[in-house]
Amino acid sequence: MPDVHALIADAVAAVRGTDVRDAERKLDRLVVGTGAPDGTAVVDAALLDRLAGALARLWPRGWQPVDVTRMVTRRLGARPGRLVRDALAAQRRGQAGDVPSWWDEQLDGLAARVWWDDDAGWLARWAAREGEDRITALRDAVEVLAMLDGLPPIAMLRPPPGGGGPTVARRAAPGRSGSPMLDRVRALLAKAESTTFPAEAEALTGKAQELIARHSLDRALVDATAERPDLPGGMRLSTDAPYAGAKALLVQEVAAANRCESVWNDDLGFATVLGFAGDLEAVELLYTSLLVQATAAMLRGRTERKRGSSRRTKAYDESFLHAFALRIGERLRAATEQADRQAAEVTGPERLLPVLAARSDAVRERMETLFPGVTRARLTIRDADGWHSGTSAADRASLSAGTPPARPLPGRS
């Protein structure tokens with residue numbers, strides 16, 4: 001009888017190859033199993049074990065549970081994304097030693113938990129839950145395994161379980177900041193997302209950035225006198241198609257306004273943001289909200305196009321989102337600068353400015369350490385109507401604002 005591990009290895013190699021017929025033959029052999037009475041159950045248990053092992057090999061290569069889930073869903077689809085959550089739960093079950101709390105928080109956020117009684121019956125029960133047959137479930141499992149085996153190393157933002165290394169401040173989960181200030185920010189951004197009046201959305205977002213900037217300054221001053229000050233950390237934000245470049249630009253603009261650095265990896269579909277814990281949370285809040293606002297404004301902006309325009313919708317939309325991101329970035333930075341001036345008047349510039357400079361240097365140093373070979377790319381605007389409409393949507397209350405200068409966008413590391 002064939003060895004189960006050899007069957008799985010052959011199927012994975014075939015799926016990663018170019019011979020479709022060979023891949024189907026190898027999958028058919030998995031369906032049959034080892035030929036023993038419990039041959040299919042042995043295959044299912046071995047597959048789950050292989051998936052857990054593949055995940056464990058990714059943690060020292062910089063990957064985190066949320067990254068893996070996002071990547072599998074992006075490349076293979078929602079159903080394989082749900083399958084990898086089960087594999088994450090199985091891998092966590094077998095982890096020995098101390099596991100940091102943020103790791104379990106990620107798994108909780110993904111709803112990755114062991115819900116099955118026996119690994120030998122896991123795949124059959126998973127297929128039943130999904131309303132699929134066994135061969136579809138096997139194909140999903142093998143494709144996920146092949147993808148996991150082929151993922152490249154990425155920047156290590158936090159030491160993985162058992163990885164040691166310096167401790168960085170843990171970001172609070174959304175909605176559980178414990179900060180009245182950030183709760184007010186969430187409320188303002190929720191109103192900005194729901195309004196259909198661009199000027200109101202702009203005012204609400206500007207107020208949110210002002211509160212965020214004050215909160216960041218307060219934390220910076222407190223941390224400057226702490227016995228064990230925070231260290232810069234990082235997070236990854238999705239920049240999937242469509243308009244991935246425009247989303248990456250929006251991340252960059254929001255990050256810059258909140259004393260963070262951003263690097264975009266187009267191939268993997270995410271932007272990495274580096275900064276201090278409170279600033280990272282602010283970037284995540286603002287980016288998520290502004291992406292909603294930008295999309296809604298873009299859809300409304302289509303109605304402003306001239307009748308009979310022959311320009312493609314894609315070019316218009318992309319130019320709109322680029323302009324929106326750049327102009328919003330200017331307004332966010334203006335709000336931050338205003339908060340800095342007000343804080344300096346209260347605390348004195350001789351106290352505040354060295355603190356801000358030290359934090360900027362720390363973030364920049366981490367950026368240069370993690371991404372020493374970063375390159376830069378420039379925007380290409382293909383639709384003037386989209387550019388002007390996007391600028392107008394981001395700055396409706398001040399239509400006389402000029403066109404912002406082109407700025408480079410950090411690209412792949």
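Trainee: Is Ala-111 buried, exposed or partly exposed, and what is its relative accessible area?

Mentor: Buried means under 20% relative accessible area and exposed over 50%, with partly exposed in between (1.4 Å probe, protein chains only). Ala-111 sits in the loop between helix H6 (101-109) and helix H7 (122-130), where helices (H or I, at least four residues) and strands (E, at least two) are DSSP runs numbered from the N terminus. Ala-111 belongs to the partly exposed class, its relative accessible area being 46%.

Trainee: What pLDDT do local features need in this model?

Mentor: Residues are numbered from 1 along each chain as its sequence is written, and side-chain values use heavy atoms, with hydrogens and water left out. This is a predicted model, in which totals for chains, interfaces and linings use all residues, side-chain atom pairs count only at pLDDT 80 or more, and local features need pLDDT of at least 70.

Trainee: How many helices and strands does the protein chain have?

Mentor: The protein chain has 413 residues, and 49% of them count as buried. Among its contacts (heavy atoms within 4.5 Å) between residues at least 6 apart in sequence, 77% join residues at least 24 apart. The secondary structure comes to 15 helices and five strands.

Trainee: What is the order of the strands in the open sheet of three strands?

Mentor: Two strands pair if DSSP finds at least two bridges between them. Strand E1 (233-238) and strand E2 (261-265) each pair on one side only, as the edge strands. E1 is joined to strand E3 (residues 270-275) by six bridges, and E2 is joined to E3 by five. With antiparallel pairing, the order is E1-E3-E2.

Trainee: At what angle do H11 and H13 pack?

Mentor: Axes are lines fitted to C-alpha atoms, for helices over the stretch in contact, and angles run from 0 to 180 degrees between N-to-C directions. Under 35 degrees counts as roughly parallel, over 145 as roughly antiparallel, 65 to 115 as roughly perpendicular and the rest as oblique. Helix H11 (residues 244-257) and helix H13 (residues 313-347) have axes 8 Å apart and pack at an angle of about 5°. That makes H11 roughly parallel to H13, at an angle of about 5°.

Trainee: In which hand of crossing does H10 pass H13?

Mentor: The axes of helix H10 (residues 198-224) and H13 come within 8 Å and cross at roughly 40°, which means that H10 is oblique to H13. A crossing is left-handed if the near helix is turned anticlockwise from the far one by less than a right angle, and right-handed if clockwise. The crossing of H10 with H13 is right-handed.

Trainee: How many residues of the contact of H3 with H8 are charged?

Mentor: Helix H3 (residues 39-58) and helix H8 (residues 134-150) have axes that come within 9 Å and cross at roughly 25°, and H3 passes H8 in a left-handed crossing. Among the residues in contact are Asp-44 and Arg-50 of H3 and Arg-134 and Asp-149 of H8. Ala, Val, Leu, Ile, Met, Phe, Trp, Tyr, Cys and Pro count as nonpolar, Asp, Glu, Lys and Arg as charged, and the others, Gly among them, as polar. By that division the contact of H3 with H8 has 12 nonpolar residues, one polar and, as charged, five.
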